[in-house]
Structure formats: C-alpha cells, structure tokens
Amino acid sequence: MQEEASRIYTALITNELADLNLSEYTYSPAEAVEELGLDEALINELVADYVSQIIKSLVQFEVKLNNLQKSKNNNELDLDYTPFRELAHKNLGVARNLRIKNAEILLYEMMKKEDLDYLMLCLEALESSTIKLNTEVAYNTLKLIDMKDSLKN
C-alpha cells in the first residue's frame with residue numbers, strides 16, 4: 001500500500017500537479033514539535049489522528065465531487081462548491097496545525113479551484129500523501145470503513 005501510494009503521489013506531483021512544487025517535500029514532525037512545544041510522541045499521535053480523519057473525509061470529498069459532476073453534466077449554470085470547500089477548510093486547519101505542508105497546499109488548492117478534474121487530482125495526491133504519513137493507520141481506517149459499509153448492506 002505504501003509503495004503504491006508513493007508511486008501515485010510521485011507521478012501526480014511531478015506531472016499534473018508539478019506547479020505546486022511538492023516534489024522536494026517530506027514531512028518531518030520536528031517543525032511541529034518546535035513550533036507547538038509538544039513532544040514528538042504526541043505529534044505522531046496527532047498525525048495518526050489526522051490520517052484517520054483524512055481517510056474518512058475522502059469518502060465525503062468524492063461524494064461532493066460526484067454531486068458537482070452531476071450538476072455540471074446537467075448543464076447547471078451555478079455549481080455550488082461550498083460543501084466541498086467547507087470540508088477542505090476543516091481539514092486544512094488540522095494540516096496547518098501539524099505543519100503538514102503538502103496537505104496544506106493541496107487542501108488550499110481544493111478550496112479555491114473549480115476545475116473538477118484538477119480537484120480529483122488534488123484529492124488523489126492528498127490520499128496518497130496521507131497514506132504515506134502513516135500507512136498502518138490509513139490501512140486500518142480503510143478496513144474499518146469497508147466493514148461499516150458491509151454491515152449497512
């Protein structure tokens with residue numbers, strides 16, 4: 001899972017999302033430790049919570065993008081990006097607090113752009129970068145989501 005996430009992320013940030021200049025970035029908790037005055041163990045715990053939150057939010061992002069795409073396909077003139085942007089804003093705050101720069105940039109892009117294809121690329125990059133942050137938490141969260149979905153059906 002980590003290798004696939006790294007492959008996808010690298011492809012996106014060196015091609016379609018190259019303008020965001022994320023290719024040299026690797027997350028380190030040191031900046032958050034220094035700026036927030038917390039120990040590294042706590043920062044790592046908060047990052048794990050962030051990973052779980054983003055993985056859960058991905059489903060909501062996709063639903064909101066699909067709704068926007070349906071509206072666009074129905075030739076609606078005014079597409080309402082507000083719910084999508086609000087979700088991005090909510091997650092942006094957490095990324096900023098933990099000093100996760102690539103997520104900050106991607107979520108900021110998701111708040112201001114209106115190109116649905118571009119937003120999907122940002123979402124894919126966000127998912128991949130999140131999996132890279134803590135693969136075990138991402139995997140467990142995805143499994144939990146799958147289990148909950150299977151119980152609904």
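Author: Before we start: contact here means heavy atoms within 4.5 Å. Also, this is a predicted model.

Reader: Fine. Which residues is Tyr50 in contact with, leaving aside its neighbours within four places in sequence?

Author: Tyr50 touches Asn91, Val94, Ala95, Leu98, Ile100, Ala103, Leu107, Leu126, Thr130 and Leu133.

Reader: And which residues have the most contacts inside the largest nonpolar core?

Author: Tyr50 is one of them, along with Leu17, Phe61, Leu106, Leu107, Met110 and Leu126. That core has 42 residues.

Reader: Which elements give two or more residues to this core?

Author: Helices H1 (2-14), H3 (40-73), H4 (82-97), H5 (101-112), H6 (116-133) and H7 (135-152) do. The largest share, 10 residues, is from H3.

Reader: Back up a bit. How many helices and strands are in the protein chain?

Author: Seven helices and zero strands. The radius of gyration is 16 Å, close to the 15 Å that the globule rule gives for 153 residues, so the protein chain is as compact as a globular protein of that length.

Reader: What box do the C-alpha atoms fill?

Author: Roughly 50 × 40 × 30 Å, taken along the principal axes.

Reader: What percentage of the residues is buried?

Author: Of the 153 residues in the protein chain, 37% are buried. As for the surface, the chain exposes about 9000 Å², with carbon and sulfur atoms supplying 47% of that area.

Conventions: Residues numbered from 1 in each chain as written. Predicted model: local features only at pLDDT ≥ 70, side-chain atom pairs only at ≥ 80, totals over all residues. Heavy atoms only, no water. Helix = DSSP H or I, 4+ residues; strand = E, 2+ residues; numbered from the N terminus. Rg over C-alpha atoms; globule rule 2.2 N^0.38 Å. Buried < 20%, exposed > 50% of the residue type's maximum accessible area, 1.4 Å probe, protein only. Areas by Shrake-Rupley, 256 points an atom, 1.4 Å probe, with all protein chains shown as cover. Core = buried A, V, L, I, M, F, W, Y, C linked by side-chain atoms within 4.5 Å.
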